[in-house]
Amino acid sequence: MQIMAMATTKRVQVDGAPLGLLATKNENEYPVPLTGVKVHVKIVDVLAEVEVVQTYKNLEMQPIEAIYKFPVDEGSAVYYFSASFENREILGIVKEIEEAKKNYEEALESKQSAFLLEEKLPDVFKARIGNIPPNGAVDITIKYSFELPVVEDGLIRFSLPTTIAPRYIPRQDTSDIATDLASIQYRLDAGYGLLFTADITMMSKIIEIRSPSHNLHTNLEGKTANINAIEEKVKMNEDLVFLIQVEDSHKPRLITEKSEDGTYAAMITLVPSIDVKTQKTELVFLIDRSGSMQGESISQAKEALLIFLQSLPLDCYFNIIGFGSTYTSLFPKSVQYTEDSLRAAKEHVKGLGANLGGTEIYAPLDFVFKLPAVEGYLRQIFVLTDGEVSNTERVLSLVRSFSSKNRVFALGLGRSASHHLVGGIARLGGGTAAFATVSEELRKKVMNQLKNALQPSFTDISIILQSDGKEVNDNTNQKIRQCPSKIPPIFDGTRFVVYILMNEECLLSTASITCSSPDGPLKFDVEVSQSLSPSGIIHRLAAKKLIQELTYENLGDGEETKKEVVALGIKYGLVSKFTAFVAVDRQSRTVLDNCWAALKTREVPLDLARGWHGRSSGGMVSFAAGNTFADCAPRAAMNSMPMMVPCSAPRTARMEKRSTGIQSEEDGGYPSSLRSFGATTEVESDMIQSQESTLVEIVGFQSFDGAFPLEDKLCALLGVDLKTVRSEAQRLDLPEECMMALLVIKYIEEHFPSEKDTWDLVVMKTKNFLESEPKMKSKDVAFLCKNIII
């Protein structure tokens, strides 16, 4: 199978000695200046500190500027930047971004080595390593902090992004970030790798650490653990994820911290356990069907959707909308959940493919937001996407403008989903965000989000701080600032975090979180806990929350906003939209003065995200010469799609005018370095899709009201005979459908105990069906579910 690519890599020798890895682009060869990346992580309780060391070496005959765009976790506070150069360490200084760039450019013109670190998006950073002399080497050290989420089953999840998945760029997006994203060069093997280690200290005993993404060696010892990657050089083509299970991940924390300047900060965190009545909902599932979802991601999404459909409550409305360059809707508007609508939806899901072109999420979101509401039902929107778009800020602005009447939940799919898009949609939409690599169990994440959506919104949320039994507020001569100023939503089983900045000492003893719910007022008390965290981390994360709120959640570029963000960035040493790190090596001029050649700029290539666009790790499918992405996707699968464009859809909801796996340039596209990379065809994508599990098959038989039919295929899955089921139902004086429902519940509970989050709502609906049957009124349903035997 032929592989075609515009950019490749190879190793060469000069005078018999290895020179290094070369990038071939437009017939000009040059060594890749980034030679390796080291990452050390320190996790203390719910906080993580990451140290990244990037090693650059100039193997050319003239000075170079290396430019490297790399990802970080979206909520990270990047607070340290230094360069080690010729046995000297040059510390970066945070300045307003225009001043930092000016200092950097002036240093290059003066033949000095200079270093710049700026934020392009909250999850995309750009490092410029300027004037590395011939044979010169430099180590760049970057440090950042972030908080760890609690995910399904109470697990603490750590994720390290390692590459930026190719972002689809709509034609109308001419922003600076779109230009930066479009200029990224991709390789199947960029040549450098990752050396990964981690030290972990928790407040309670660590039970287990496991990684769904990489082979890690773990040494557990009580409350501490050490981790290192088994591979000497980890390929940087997917997020590195591991999950920590501790004895008590739900314990509330109130941790205080004093900084060197005498100010104080506090972090309040808890994982609430809430049992409230569910609300009447309209549920709209928005599924990404762009070409980048081909293969494993679309398979995940389809299986999750089937479980989701079976778990919907009886009294609800729903719809499914697929989007790419166009968008299609199963129904013109949300319909009532019935046996007929469920059957149509399941058939629809089975026919879904990743064949709608590029990832354009704005139009379908706008369409859903503007649909008339179903009276008496609150709209909940689920966005399932790999998040590979360039116009994130426009999308977030849209979500924010409609957040008062919609709640939006987001799930990031794939090995390198955009944390900024997924996390931002959820925060601004008042929902929750979750991420799933291909190796993670997506179904549990979907069900957790569904449970959150069925939970009513809480109002009047407030935090009351107490010191020596007295309330602390602005009226007690304490200058207190809550971060973020708008308290985030509270959801059962989801970590809630709020920071407090205080200008003066305040010996906090407790904090109370109060809110109103349909079942009455709720209150959560949090007491002061011992802090094991590194000094300064709580201050930094509090300031980061404020910056995040000011720049991306308020989405304001006004002068007052900019001044406040710059002041926060400089005070706490943080990179932001308006601040950057700059470092200049004043002693490097002598070496560079002797260089006769002009400075050359080299873009560091990135590893193409594993599985991107359905491409397997074993290679690529080549295209005929001259073909663009738009010409390559198969057309057969499109003709059988059971979809309809909404009757009331705006003109932008056009019919699919071509069958494309990847969008053509007429409406936008991906970075030019990908134009000749192959993608799997629809047939190949089907071949690598996993078979539905037994659980999914069993659940698929459930009717909308929770009943299960008496069918031979279902009996075979349960390991029973239909004739025996009927005779036992008669002997026990049970309706035959009730007998089958009891057997299904018992089988699921016994064979899939670890997947309770997946089947919980399914089983609950079946139990409700049993309890509603007149002939079951005198029966103990719970006892029968547990003890019935054939």
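These legends accompany several close-up views of a predicted model.

**View 1. The whole chain and its surface.** In this predicted model, local features need pLDDT of at least 70 and side-chain atom pairs count only at pLDDT 80 or more, whereas totals for chains, interfaces and linings use all residues. Residues are numbered from 1 along each chain as its sequence is written, and side-chain values use heavy atoms, with hydrogens and water left out. The chain has 19 helices and 39 strands, taken as DSSP runs (H or I of at least four residues for helices, E of at least two for strands) and numbered from the N terminus. Of the 790 residues in the chain, 60% are buried, that is, under 20% relative accessible area with a 1.4 Å probe, protein chains only.

**View 2. The largest nonpolar core, around F158.** This core, a set of buried Ala, Val, Leu, Ile, Met, Phe, Trp, Tyr and Cys residues joined through side-chain atoms within 4.5 Å, has 75 residues, and those with the most contacts inside it are Y56, F158, F196 and F242. Leaving aside residues up to four places away in sequence, F158 touches V41, I43, A48, V50, F146, L148, F196, L240, V241 and F242, contact meaning heavy atoms within 4.5 Å.

**View 3. An open sheet of four strands.** The strands follow the order β31-β30-β34-β35 with antiparallel pairing, where two strands pair if DSSP finds at least two bridges between them. Because β31 (470-472) and β35 (520-527) stand at the edges with a single partner strand each, one side of each is left without a neighbour in the sheet. Strand β34 (residues 510-517) pairs with β35 over eight bridges, and A511 stands opposite V526 in β35.

Terms used
Buried means under 20% relative accessible area, exposed over 50%, partly exposed in between (1.4 Å probe, protein chains only).
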